Amino acid sequence: MSGSPEIEELPATQTGPKGVIHDWRKFKLESEDHESVPPNKRELLRQMSNPKPSNDDTQEKLIRKMSVQEYEMIQEEDERCLHKYRRQCMQEMHERLSFGPKFDAVFELDSGEAFLDVIEKEHHLTLVVVHIYDDGIRGCDALNNCLTCLAAEYSTVKFCRIRASATGAGERFSDDVLPTLLVYKAGELLGNFMCITKHLNEEFFATDVENFLNEYGLLPEKDFAACPVEEENADVE
């Protein structure tokens with residue numbers, strides 16, 4: 001009926017193929033450096049990201065206009081912007097599916113009480129990796145550096161380190177069993193690797209420690225957002 005009031009369309013999540021394209025165009029428009037984009041291209045992007053033209057005549061003109069101009073613009077799409085958009089979508093999905101606290105560093109434990117607290121009181125979904133070390137022991141410094149790298153890539157894992165003398169059980173962690181790596185979850189010991197360097201090459205790196213832990217199925221999926229250098233170098237010639 002002509003007298004019926006128009007029902008206002010509410011914004012909705014874009015999930016279909018057309019919706020994904022619309023979201024990409026909107027992201028592209030918002031991420032463009034406006035000073036470096038020609039006004040005609042910026043206007044076209046704005047029109048493309050608007051799902052509701054003002055009237056049918058405008059829509060028909062826009063379709064005719066886009067048929068050539070959109071094709072030309074697709075050919076010159078910024079590959080790095082598309083890469084960034086994909087990573088953002090993956091990160092949002094990862095955050096929706098992830099639970100528990102996040103970390104980004106190796107925590108120094110200064111006492112046996114702190115050691116027990118991190119094992120018994122940490123979130124039940126959090127994997128806790130503890131490096132027991134001492135100064136001057138071969139492999140301890142290298143393992144500390146490796147864990148620092150892994151902490152940046154596995155934000156759901158809590159990486160810790162503690163000197164053997166600070167554990168309150170120094171007699172159990174003599175020099176010949178260091179470096180020791182212990183892995184806990186929900187208070188349960190999942191991995192106990194005495195003198196872990198025996199399982200690694202004399203010169204080892206973060207990827208070697210990562211592969212070793214993965215052999216035992218101890219590490220979760222790697223974070224989607226953990227490759228900043230790769231993202232910055234993703235320019236297309």
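Visitor: What makes Cys195 buried?
Guide: Its relative accessibility is 11%, and the cut-off is under 20%, so Cys195 counts as buried. You'll find Cys195 in the loop between β5 and α7 (206-215). Its backbone is worth a look too: phi is positive, about 45°, although Cys195 is not a glycine.

Visitor: Why is Ala186 called exposed, then?
Guide: Exposed takes over 50%, and Ala186 has a relative accessible area of 56%, so it qualifies. Ala186 is another residue that has a positive phi without being a glycine, here about 55°. Its place is the loop between β4 and β5 (188-193).

Visitor: Why is Glu122 called buried?
Guide: Its relative accessible area is 18%, which is under 20%, so Glu122 counts as buried. Glu122 lies in the loop between α5 (112-120) and β2 (127-133). Beyond its neighbours within four places in sequence, it is in contact with Pro101, Phe103, Asp117, Val128 and Lys158.

Visitor: What makes the side chains of Glu122 and Lys158 a polar contact?
Guide: The distance is 3.0 Å. The limit for a pair of N or O atoms is 3.5 Å, so the two side chains pass on distance.

Visitor: Which residues of α5 are buried?
Guide: They are Gly112, Phe115, Val118 and Ile119.

Visitor: How do you know that they line one face of the helix?
Guide: Looking down the axis of α5, the buried residues fall within an arc of 125°, so they share one face. Here's the background: an α-helix has 3.6 residues a turn, so residues three or four places apart point the same way. On the other side of α5, Glu113 and Glu120 are exposed. The cover over the buried residues of α5 includes β1 (106-109), β2, β3 and β4.

Visitor: Which residues of α7 are buried?
Guide: The buried set in α7 is Ala206, Val209, Glu210, Phe212 and Leu213.

Visitor: What puts them on the same side of α7?
Guide: Around the axis they cover an arc of only 160°, which means they sit on the same side of α7. Among the elements covering them are α6 (140-153), β4 and β5. After α7 comes Gly217, with a positive phi near 65°.

Visitor: Zooming out, how many helices and strands does the chain have?
Guide: Eight helices and five strands. From the N terminus, the order is α-α-α-α-β-α-β-α-β-β-β-α-α. Of the contacts between residues at least 6 apart in sequence, 70% join residues at least 24 apart.

Visitor: How confident is the predictor, taking the mean pLDDT of the chain?
Guide: The mean is 76, and 56% of the residues reach 70 or more. Residues 4-13 stay under 50, and the model has one contact beyond four places in sequence for them. Residues 224-237 are also below 50, though that stretch has 20 contacts beyond near neighbours in sequence. Where pLDDT is low, the predicted coordinates should not be read in detail.

Technical notes. Residues are numbered from 1 along each chain as its sequence is written. This is a predicted model: local features need pLDDT of at least 70, side-chain atom pairs count only at pLDDT 80 or more; totals for chains, interfaces and linings use all residues. Side-chain values use heavy atoms; hydrogens and water are left out. pLDDT is the predictor's confidence in each residue, from 0 to 100. Contact means heavy atoms within 4.5 Å. Helices (H or I, at least four residues) and strands (E, at least two) are DSSP runs, numbered from the N terminus. Buried means under 20% relative accessible area, exposed over 50%, partly exposed in between (1.4 Å probe, protein chains only). A polar contact is a pair of N or O atoms within 3.5 Å; within protein, one must be able to donate a hydrogen and the other to accept it, and residues adjacent in sequence count only if both atoms are side-chain atoms. The arc is that of the directions from the helix axis to the C-beta atoms.
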